[in-house]
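Colleague: I am new to this structure. Could we go through it together, please?
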Amino acid sequence: GTSARTMGIAVTDVGTTQQLPLGFEYHKPADATNNTGEEVWVYILADEALVEGDIVEVNTDYGNPYHGIQANASTVNKVLLGVAQHVIAISNYGFIQKRGHANYVKGDGSIAAGNPIISHAAGAADLWVDGEEEQIFGYALTADASDTSLSASQVVFSAMINCGV
């Protein structure tokens with residue numbers, strides 16, 4: 001919730017002014033009310049507009065490792081930054097979730113609970129197939145379904161994720 005504060009801002013705060021160093025990580029402690037473990041959030045600059053559930057990868061300017069874009073292909077896990085849990089406009093700074101229980105991961109309509117997941121296209125996840133082991137970044141807790149409370153009624157699911165280096 002909004003009570004989670006880091007250096008004067010919340011993990012949901014976004015804006016055009018940089019508030020923290022890029023790559024700053026916030027560790028939200030494990031909570032006994034949901035028993036889903038610690039969450040890790042990372043502060044990035046969005047080089048593309050991001051919406052809830054978008055899988056985010058490092059922009060191709062690898063000299064700037066915390067400049068994020070929508071993951072647009074089958075991306076190896078080490079290049080993934082995390083998953084957006086709220087809208088971050090282009091050229092805005094904000095937190096995305098790197099590790100732990102993520103409420104929103106964008107699906108492609110084929111995700112079932114328990115599926116290992118990989119980055120696929122347009123910021124969405126697909127289920128893993130043999131030969132894509134280095135792309136796995138988590139597993140689905142629920143099947144993907146349209147959520148009308150989100151931007152453009154995104155197809156999303158909840159998952160346990162572990163992105164990046």
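Modeller: Ring pairs join F24, Y43, Y93 and F95 into a cluster. The model is predicted: local features need pLDDT of at least 70, side-chain atom pairs count only at pLDDT 80 or more, and totals for chains, interfaces and linings use all residues. Residues are numbered from 1 along each chain as its sequence is written, and side-chain values use heavy atoms, with hydrogens and water left out.

Colleague: How many aromatic pairs does the structure hold?

Modeller: It holds three aromatic pairs. Rings of Phe, Tyr and Trp (its six-membered ring) pair if their centres lie within 6.5 Å; planes under 30 degrees apart count as stacked, over 60 as edge-to-face and the rest as tilted. F24 and F95 form an edge-to-face pair, with 6.4 Å centre to centre and 70° between the planes.

Colleague: Where in the chain are F24 and F95?

Modeller: F24 is in the loop between strand 2 (9-10) and strand 3 (25-28), while F95 is in strand 8 (residues 93-106), 71 residues apart. Strands are DSSP runs of E with at least two residues, numbered from the N terminus.

Colleague: Is F95 buried or exposed?

Modeller: F95 is buried, at 0% relative accessible area, whereas F24 is partly exposed at 22%. Buried means under 20%, exposed over 50% and partly exposed in between (1.4 Å probe, protein chains only).

Colleague: A new topic: which residues line the largest cavity?

Modeller: The lining consists of K28, P29, D31, N34, T36, G37 and E39. On a 1 Å grid over the protein atoms alone, a cavity is a set of points where a 1.4 Å probe fits but cannot get out, and lining residues have an atom within 4 Å of a point.

How values were computed: Helices (H or I, at least four residues) and strands (E, at least two) are DSSP runs, numbered from the N terminus. On a 1 Å grid over the protein atoms alone, a cavity is a set of points where a 1.4 Å probe fits but cannot get out, and a pocket is an open set with protein on both sides within 12 Å along at least five of seven lines; lining residues have an atom within 4 Å of a point.
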